[in-house]
Amino acid sequence: MGIIKRAVQVTFIYYASIQGYLVYHLKTSPKVLRNDPSPPLSSEQIPDSRRELIETVMSIWSMKQVSSEMKEKVFAQNLIVEDPFIEFNTRQGLLNSISLFPYILKSSETVSVYERHYENAVRVEYEQKWTPKFGSPTVLASVIYLTLKKEGDCETIVRLEEELLAKPLLTADNTGFMFAGYMASVFRKLHGKILGSINLPSH
């Protein structure tokens with residue numbers, strides 16, 4: 001029992017250390033804006049349907065009602081979602097995450113949005129005012145990278161990657177210290193599996 005208890009303690013300490021390093025990374029690392037390999041589209045080249053995609057994403061982030069039909073239209077079934085803390089590989093994982101908002105937030109409001117469009121991708125730079133149930137409002141500037149798949153005249157989001165404060169996600173390629181990048185990725189997947197197994201009522 002002593003060995004098991006010690007192993008649990010060491011695991012918890014290592015987990016807490018990785019999460020602490022992630023917070024340090026978010027506070028101290030320089031901001032990075034990634035460009036798609038393809039050239040950016042001019043305003044005349046941007047499909048009208050993309051307005052619907054961006055509005056749907058920002059409406060969800062702002063806790064506005066979005067129909068199930070619209071979510072299914074905008075997000076692919078095998079949608080990949082990744083942020084500093086969680087990774088999903090299904091649309092349902094995102095929907096489960098969204099259902100948590102009313103439990104932890106009083107309100108959420110988009111302050112500003114800037115979009116940069118590419119052939120099969122969009123970079124969304126935005127500021128969001130998050131007001132938690134308990135605590136003071138906070139305005140955070142972040143970036144969402146959308147990867148799109150076109151079928152006929154319609155486009156769907158197949159990958160949504162959010163970088164909080166425009167700081168790159170920790171990965172094995174950019175953070176080798178104490179395997180922090182690799183383990184941060186492992187913990188993101190673990191958090192996603194846990195959250196993906198929870199079905200909360202929609203608000």
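Buried here means under 20% relative accessible area. The model on screen is predicted.

**Stop one: Phe-101 and Trp-130**

Select Phe-101 and Trp-130; both are buried. Their ring centres are 6.2 Å apart and the planes meet at 80°, so this pair is edge-to-face. Phe-101 belongs to helix α5 (residues 101–104) and Trp-130 to strand β4 (residues 121–132), so the pair, 29 residues apart, links distant parts of the chain. The whole structure holds 3 aromatic pairs.

**Stop two: Tyr-15 and Phe-187**

Next, select Tyr-15 and Phe-187, another edge-to-face pair, with 4.8 Å centre to centre and 80° between the planes. Tyr-15 is in helix α1 (residues 2–28) and Phe-187 is in helix α6 (residues 180–196), so the pair ties together parts 172 residues apart in sequence. Colour the two by accessibility: Tyr-15 is partly exposed at 27% relative accessible area, whereas Phe-187 is buried at 10%.

**Stop three: Arg-34 and Tyr-145**

Show the side chains of Arg-34 and Tyr-145. The charged end of Arg-34 sits over the ring of Tyr-145, 3.9 Å from the ring centre.

**Stop four: Ser-142**

Move to Ser-142 in strand β5 (residues 138–151). Its relative accessibility is 4%, so Ser-142 counts as buried. Which backbone nitrogen lies 3.2 Å from a polar atom of the Ser-142 side chain? It is that of Leu-165. To see the surroundings, display the residues in contact with Ser-142, leaving aside neighbours within four places in sequence: Val-124, Glu-125, Tyr-126, Glu-162, Glu-163, Leu-164, Leu-165 and Ala-166.

Technical notes
Residues numbered from 1 in each chain as written. Predicted model: local features only at pLDDT ≥ 70, side-chain atom pairs only at ≥ 80, totals over all residues. Heavy atoms only, no water. Helix = DSSP H or I, 4+ residues; strand = E, 2+ residues; numbered from the N terminus. Buried < 20%, exposed > 50% of the residue type's maximum accessible area, 1.4 Å probe, protein only. Polar contact = N/O pair within 3.5 Å; in protein donor to acceptor, adjacent residues only side chain to side chain. Contact = heavy atoms within 4.5 Å. Phe/Tyr/Trp six-rings, centres within 6.5 Å; stacked < 30°, edge-to-face > 60°. Lys NZ or Arg CZ within 6 Å of the ring centre and 35° of its normal.
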